[in-house]
Every structure is written in structure tokens, then in C-alpha cells.
Amino acid sequence: KGYVALLRQKAHLFPASPTLDIDYNNNNAATNDNDNSNTNDAVVSFDWNVQTTDPTKESEGMLMFALPHHQDQLLLKSDDDSSSSSSSSDSDDSLSSGVTKHCIPTFHGSTCLVEANTWSLQDGNHHNSPPQSFVADRPPEPWAIPALAKALATDIQYQLPANLLKGAADTYFSGKTLARLARVITVAFEMKQLATHDAVGESLYDSSIVDADSYAQSHKAAKKVDLPTDDTILMAVAQLKQAVQVWVDGTAASPYVYDRTWGGMVNCGCTYKGHADQGTCTNQFP
């Protein structure tokens, strides 16, 4: 009931043309010349430029969902913060950072409503964060590994369409197709590594998170299934490499060019002629 009531209470507030500001000279930066531990800290601020459909109602406390990492980085509001809504200060439904207790489970974790017209996120200590990885912190569960191996046996054999390999396919869906093959290759590599390395300390996973027994069970399951050979994986990589390079090496039927006015790379477009994936572009480019 509280969730529905809050939605109705704030239904008149909406964002319009939000602005983004990044401050590298915030108060949390290191002040000691000999201490550079926080010199890369930054405060990322979002001003949602809140508008209202009812000027007679309060204009503070627009609702927006925040992912778990947003919630961790949201700066606490001060007692005199004008962006805090009056309803938040008078109830127990909102925490001091503006994050409410109204949350829903998502793939990313508990995602919660925030009552605020502006957000300030402390983007600090990223130099102490773990590096980006294409694998999870833990291996697949043993019961899931046979199903993964069965899917890999088919998916690793996927052949990219002929028009994509020559750079004549639609660039939007080409990217999705390339991402699919790249993910399959990554999963195959991870499974091969899991089957090869006996100890978690030698694996791709975080030994501080994965205990030895759990890893041993997944490792044992991976050794029992048939996985793609190294040659099969390398063939998939070669296919992926060709399909990516064609867009930037000047040989694509519909090449990318640099936009000197606005900056960045844009696609020339394609007057497509041919059936299905056997066609090509018939227009010429300078």
C-alpha cells in the first residue's frame, strides 16, 4: 500500500532534459600532497530537471529507480538539503540518502526507488575495485554444466551471414550478432579453463569468494562433459575477427566514415541488392 500511495503522490513529477556534471575537485579529494589515494575521486551529479503536471503540488522528490551500485554511491543528504522531499522527512519509508525502502528484485540485485530531484554519486576508490571481467566471480553450478556444454556444441559452430562478413548487413543487428558469437567464445574459453585447472587459485575466479570444495565440484563436472576443441574455438575467433575488422579496414561494402562536422564514426548506408544474406551494397562511396 505504501508503494502505491507513493507512486500516486509523486505521479505529477517527471524529468525533462536532464543534465550531467562531473566534479573532480570535490571535498572528498585528498588534501595531503603525499597521499594520492583519493585523487581520482569524482562526484557525478544528475539534475533531472524535474517538471510537474500540477503546479499546486510539491515539486520536490521525483521518483527514480536506482540500481544497487547507484545506491552504494549516492551521497547522504545533509539536514538542510533542499532536494529532500517533505514526505521523506516525515516518514520511515525513505532513508537518509533519498533511497526508499520500496524495492524490487532484478538481475542486478535489489533496485529501489529514490526520492530526489538531483542525484550525486561518489565515484571513488575505483582504483581499488576489481578489474572488469567477462566471467562471474564463481564458476557455474555443477548441475548446469552439462546443459552449457550441450548448448556450446551447437552455438560454437554458428556461421556468420555472408553479407555481415563483407560489411553489407544492417549495422544495428550486425552488432547484436557479433556480440552473440563473442559471448559464446567467452563461455567456451571459461568452460575449458574450468576443466583444465584443478585448484581455484589457478582459475579465473576469485578465490576469496569461491571455496575449494565448490570449485572442485564444478571442475569435476566440467571434466566429464565434451567441450569444443581449441581448433573449433580458434575458427570461431577467426570468423569474429574478420566480421569486426571489415567495418574499420576500409573493405566493407557499406564502410564507416568519420563525420567531420559532428565527430565520430557514421555508416554510409547501403542500397541492398540480392536475396537474404547473399546480397551486397550497390551504391558507391567516395
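Q: Is C103 buried, exposed or partly exposed?
A: In this predicted model, C103 counts as partly exposed, because its relative accessibility is 34%. Buried would need under 20%, and exposed over 50%.

Q: What does C103 form with C112?
A: C103 and C112 form a disulfide. Their sulfur atoms sit 2.0 Å apart.

Q: Which hand does that disulfide have, and why?
A: The disulfide of C103 and C112 is right-handed, because the torsion about its S-S bond is about 100 degrees.

Q: And C112, buried or exposed?
A: C112 is buried, with a relative accessibility of 4%.

Q: How many disulfides does the chain have?
A: The count comes to two. C270 and C281 also form a disulfide, again with sulfur atoms 2.0 Å apart.

Q: What hand does the link of C270 and C281 have?
A: That link is left-handed, with -115 degrees about the S-S bond.

Q: Where do C270 and C281 sit?
A: C270 lies in the loop between β10 (265–267) and β11 (272–273). C281 is in strand β12, residues 280–281.

Q: What is the pairing if you number the bonded cysteines in sequence order?
A: The pairing is 1-2, 3-4.

Q: Switching to strands. What does β6 do with β7?
A: β6 pairs with β7 (residues 109–115) in the antiparallel sense, over five bridges.

Q: What stands opposite P105?
A: S110 in β7 stands opposite P105.

Q: Which strands form the open sheet, and in what order?
A: Three strands form it, in the order β5-β7-β6, with antiparallel pairing. The edge strands are β5 (63–66) and β6 (99–106), and each pairs on one side only. The twist from one strand to the next averages 30 degrees.

Q: What holds strands of a sheet together in general?
A: Strands of a sheet pair through backbone hydrogen bonds.

Q: Zooming out, how many helices and strands does the chain have?
A: Eight helices and twelve strands.

Q: What share of the residues is buried?
A: Of the 286 residues, 32% count as buried.

Q: What about contacts between residues at least 6 apart in sequence?
A: Of those contacts, 69% join residues at least 24 apart.

Technical notes:
Residues are numbered from 1 along each chain as its sequence is written. This is a predicted model: local features need pLDDT of at least 70, side-chain atom pairs count only at pLDDT 80 or more; totals for chains, interfaces and linings use all residues. Side-chain values use heavy atoms; hydrogens and water are left out. Helices (H or I, at least four residues) and strands (E, at least two) are DSSP runs, numbered from the N terminus. Buried means under 20% relative accessible area, exposed over 50%, partly exposed in between (1.4 Å probe, protein chains only). Contact means heavy atoms within 4.5 Å. Two strands pair if DSSP finds at least two bridges between them. Axes are lines fitted to C-alpha atoms, for helices over the stretch in contact, and angles run from 0 to 180 degrees between N-to-C directions. A disulfide is a pair of cysteine sulfur atoms within 2.5 Å.
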